[in-house]
Amino acid sequence: MTVDFFIKKLYNGFRRKSIAEGRRIITDRENEHGDRIMTRMIVSAKRLAGIKLVKSDMEDITRSDLNIMYVISEAPDGIPVSDISEQLGCTVPAVSKRLKPLEQGHYITRKKDGSDHRTIKVYLTDKGRNISERCKRETAEIMGRITERMGNDMDKFITLAEKFIDIAEQEVREWQPDGK
């Protein structure tokens with residue numbers, strides 16, 4: 001899992017599941033301290049999600065585009081749009097909307113699957129692969145510096161954040177009447 005995906009999971013976990021439901025759970029338990037903690041976590045997640053881990057000289061490519069290109073780069077034999085949306089945790093229409101400008105910019109291409117002509121697979125072009133590789137290098141470089149400065153606290157942070165997300169998802173599932 002890349003750092004961007006971890007950040008997105010953390011942020012989207014708060015945004016989709018935890019903000020409304022989390023506040024209700026906290027309120028139901030009459031925990032004012034918990035409400036302050038939830039607010040701090042949401043603000044921190046938003047700040048974390050706003051950090052750009054690549055240089056910003058790619059004006060026509062958004063962070064969403066880079067996330068899509070990362071997923072595609074991990075599938076050298078192409079990947080269906082539905083698999084991209086599943087890995088990113090968003091809808092197929094949302095991914096399709098972002099694929100159009102990437103295709104127009106010659107970063108990706110779409111081709112029918114050789115074994116199943118009903119399936120369209122998405123591939124990176126050479127231009128897209130170059131951008132994707134560059135972003136991976138830049139992200140690794142900045143994350144290396146951050147990790148070095150954080151020291152052992154980085155592992156603790158990730159462990160605690162993952163634990164928090166797991167517990168929050170479990171609590172929300174248990175709290176929801178339909179268990180979802």
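Which residues have the most contacts inside the largest nonpolar core, and how many residues does that core have?

Guide: The largest nonpolar core has 21 residues, and I68, I72, I84, L99 and I108 are those with the most contacts inside it. Such a core is a set of buried Ala, Val, Leu, Ile, Met, Phe, Trp, Tyr and Cys residues joined through side-chain atoms within 4.5 Å. Buried means under 20% relative accessible area, exposed over 50%, and partly exposed in between (1.4 Å probe, protein chains only).

Several elements supply this core with at least two residues each: α3 (63-73), α4 (81-88), α5, β3 (120-124) and α6. Of these, α3 gives the most, with five residues. Helices (H or I, at least four residues) and strands (E, at least two) are DSSP runs numbered from the N terminus.

The model is predicted, so local features need pLDDT of at least 70 and side-chain atom pairs need 80 or more, while totals for chains, interfaces and linings use all residues. Residues are numbered from 1 along each chain as its sequence is written, and side-chain values use heavy atoms, without hydrogens and water. The average pLDDT (the predictor's confidence in each residue, from 0 to 100) is 81 for the protein chain, and 77% of the residues score at least 70. Confidence is lowest in helix α1 (residues 3-28), where the mean is 54, and highest in strand β1 (residues 79-80), at 95.

The protein chain has seven helices and three strands, in the order α-α-α-β-α-α-β-β-α-α from the N terminus. Of its 180 residues, 35% are buried. Contact here means heavy atoms within 4.5 Å. Among contacts between residues at least 6 apart in sequence, 58% join residues at least 24 apart.

I108 is in contact with I72, L99, L102, E103, V122, Y123, L124 and T125, leaving aside its neighbours within four places in sequence. Two of these, I72 and L99, are also listed with I108 among the core residues that have the most contacts.

A salt bridge is a side-chain nitrogen of Lys or Arg within 4 Å of a carboxyl oxygen of Asp or Glu. E103 counts as partly exposed because its relative accessibility is 31%, and R110 is also partly exposed, at 28%.

H106 is in the loop between α5 (92-104) and β2 (108-112). At 56% relative accessibility, H106 counts as exposed. The phi of H106 is near 65 degrees, a positive value in a residue other than glycine. Most residues other than glycine have a negative phi.

R129 and D126 lie three residues apart in α6, about one turn of the helix, and their side chains meet at 3.0 Å, N to O. R129 is partly exposed, at 37%, whereas D126 is exposed, at 56%. R145 and E141 also both lie in α6, four residues apart, and their closest N and O atoms are 3.0 Å apart in a salt bridge. R145 has a relative accessible area of 46% and is partly exposed; E141 is partly exposed at 48%. Elsewhere, E74, E133 and K136 are linked in a network of salt bridges. A search of the whole structure finds eight salt bridges.
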